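Thanks for coming, everyone. Please bring the model up on your screens, and we'll walk through it one region at a time.

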Amino acid sequence: MQKLEKIVNKKIVRRIFHYYSTKGKKRIEELFSEEKEKSIGAFFSRLPLQIAVNTGMKKVGLTEEMKMGFFSKTFNRQTILNLLHTASKNGLKLPFRFDGPLLIVWNYTNLCNLCCRYCYQSAGNVRNQELTFEEKIDLINQMVDANTSYLAISGGEPIMGERFWDVLSYASKFLHTTIATNGTLLEDKKLADRLAECGAKNVFVSLDGATEESHDFIRGNGNFRRTIRGIENLVNNEHLHVGINTVVTKRNFHEVPAILNLAKELGVNSFSHYNFIPTGRGRDAFEQDLTPEQREELLNLLYDWHVKRHENKLNILSTAPVYARILTDRSGGGSSGMFHYTADNATAITGIIKYAGGCGAGRVYAAVQPDGRVSPCVFMPSVVIGSIRENKLIDIWQNSELCKQLSDRENYHFYCRDYQYICGGCRARAHAYGDILGADPGCMVYKRTAPKEEQRAERPETVGVIA
């Protein structure tokens, strides 16, 4: 990695990166297209990139067909452009902060047909100052201009949002789109199929238990059955990757094995564990947060399923940065979590993980609220760094001092010698407990190593809000 840093940080290399990420965009398009400019100048301007791509393909064993399949997708080319543009401006630094947000989580609407007990968005039947259709289309265009690749549309219940289908169809032309839903409306098979028709790639459905009693305690009576029917309709559409999202609290902690088995029986593609964040309607439910010991037990259980993912046909994901530590330690360094969201097949190339690992709030991704306000993370809606009604998305991202602080782990208010860059702790949980740059109190490493007088109580006296 030291050799790679030296190469990437050379002025000539960064100038080449700058060319391909700005003026050379056309050459990247041509490289993976049958229609190429035939001039000598065009040939030589494509040549360095062609050599680099072919060399990289050989290193990782990609075939020509696999290469074309990857780069034919607009969002994958956007990722490459973002990486090149970031490296051209900043070189290779720890940790890697993208020049434009790689992922946007968009709370499309605050409308929802449910009123869930711990909703981070406090969604319901009120829609205040939401973006107009024209503003929504402009936001998508701004994402493309910022070289954003991935868009996760959430809510509220996004399907209920104004002109949702038109916006989804437009966004899917340029971005890899994911939908987060409570699934109840998708018991209508036509709506489930329409998600695929409009270009959605992934659909993740919230499921809070393996039984009616546990799920409906959070979501309301009768919604477990509706949600299951919605999942079944999604699974029956071969064009969709379907996942289950579960926020794990003390109440459903012991039910996780049953939820995993239910996910397997339903035939979904993945199970995602979501950290409980005491925010929104859950801001006063600190007592439901897992203890460090419970979180450790849970994440080790997920690793056991991760190891058998091919046998179980169920990919395991987690939003907990701590899971990267579990993956790294138990695999002997063979795998870990890339960026903020630990994926089932994220294999750590030696040394790379310290650049890409850990919480991605304000570093890899940002969140946009229904009214256009921008936050570093969807789970800290009260932390506002700007509004797209006042400034461009890319300007908000690049000029946010808070996002720069979140990316500078040397100046966090705690020090984790062994896992500082692999994990770094969840910023949303740290914020909920009173210090956005502080430690995640749910981490076993923090509990074992921090002096007792520095460890925060399970519930803070005050919860700070940074505007």
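Let's start with N147. N147 counts as buried because its relative accessibility is 5%. Buried here means under 20% relative accessible area, exposed means over 50%, and partly exposed is in between, with a 1.4 Å probe and protein chains only.

Ground rules next. This is a predicted model, so local features need pLDDT of at least 70 and side-chain atom pairs count only at pLDDT 80 or more, while totals for chains, interfaces and linings use all residues. Residues are numbered from 1 along each chain as its sequence is written, and side-chain values use heavy atoms, with hydrogens and water left out.

Back to N147. N147 sits in the loop between α7 (133-145) and β2. Its phi is near 65°, a positive value in a residue other than glycine. R163 is another non-glycine with a positive phi, about 55°. R163 lies in the loop between β2 and α8. Is R163 buried or partly exposed? R163 counts as partly exposed, because its relative accessibility is 41%. Now look at G156, in the loop between β2 (150-154) and α8 (164-171). A cis peptide bond joins G155 to G156, with omega about 10°.

Zoom out. The protein has 20 helices and 10 strands. Those are DSSP runs numbered from the N terminus: H or I over at least four residues for helices, E over at least two for strands. Of the 467 residues, 57% are buried. Contact, from here on, means heavy atoms within 4.5 Å. Take the contacts with a separation of 6 or more: 68% of them join residues 24 or more positions apart.

Now the sheet. It is open, with 10 strands and mixed pairing, in the order β7-β6-β5-β4-β3-β2-β1-β8-β9-β10. Which strands stand at the edges? They are β7 (315-318) and β10 (386-387); each has a single partner strand, so one side of each has no neighbour in the sheet. Two strands pair if DSSP finds at least two bridges between them.

Go to β8. Strand β8 (residues 365-368) is covered on both faces. Y365 and A367 are buried on one side, A366 and V368 on the other. As background, side chains in a regular strand alternate between the two faces of the sheet. β8 pairs parallel with β1 (residues 103-107) over 4 bridges. W106 stands opposite V368 there. β8 also pairs with β9 (residues 373-375), antiparallel, over 2 bridges. In that pair, A367 has S375 as its bridge partner. The two strands make a hairpin with 4 residues between them, and G372 in the turn has a positive phi of about 95°.

Past β9 comes I385, in the loop between β9 and β10. I385 counts as buried because its relative accessibility is 19%. Beyond four places in sequence, I385 touches V374, S375, P376, I396, S400, L402 and C403. I385 and E401 are 16 residues apart in sequence, and 8.6 Å apart from C-alpha to C-alpha.

What covers them? Just after α15, G332 takes a positive phi of about 70°.

Last stop, the cores. A nonpolar core is a set of buried Ala, Val, Leu, Ile, Met, Phe, Trp, Tyr and Cys residues joined through side-chain atoms within 4.5 Å. The largest one has 101 residues, and W106, F164, L168, L195 and L234 have the most contacts inside it. Helix α12 (residues 256-266) gives the largest share, 6 residues. A second, separate core has 15 residues, including V13, Y20, L84 and Y355. Finally, L168: leaving out residues up to four places away, L168 touches I153, T177, I179, L195, C198 and A200.
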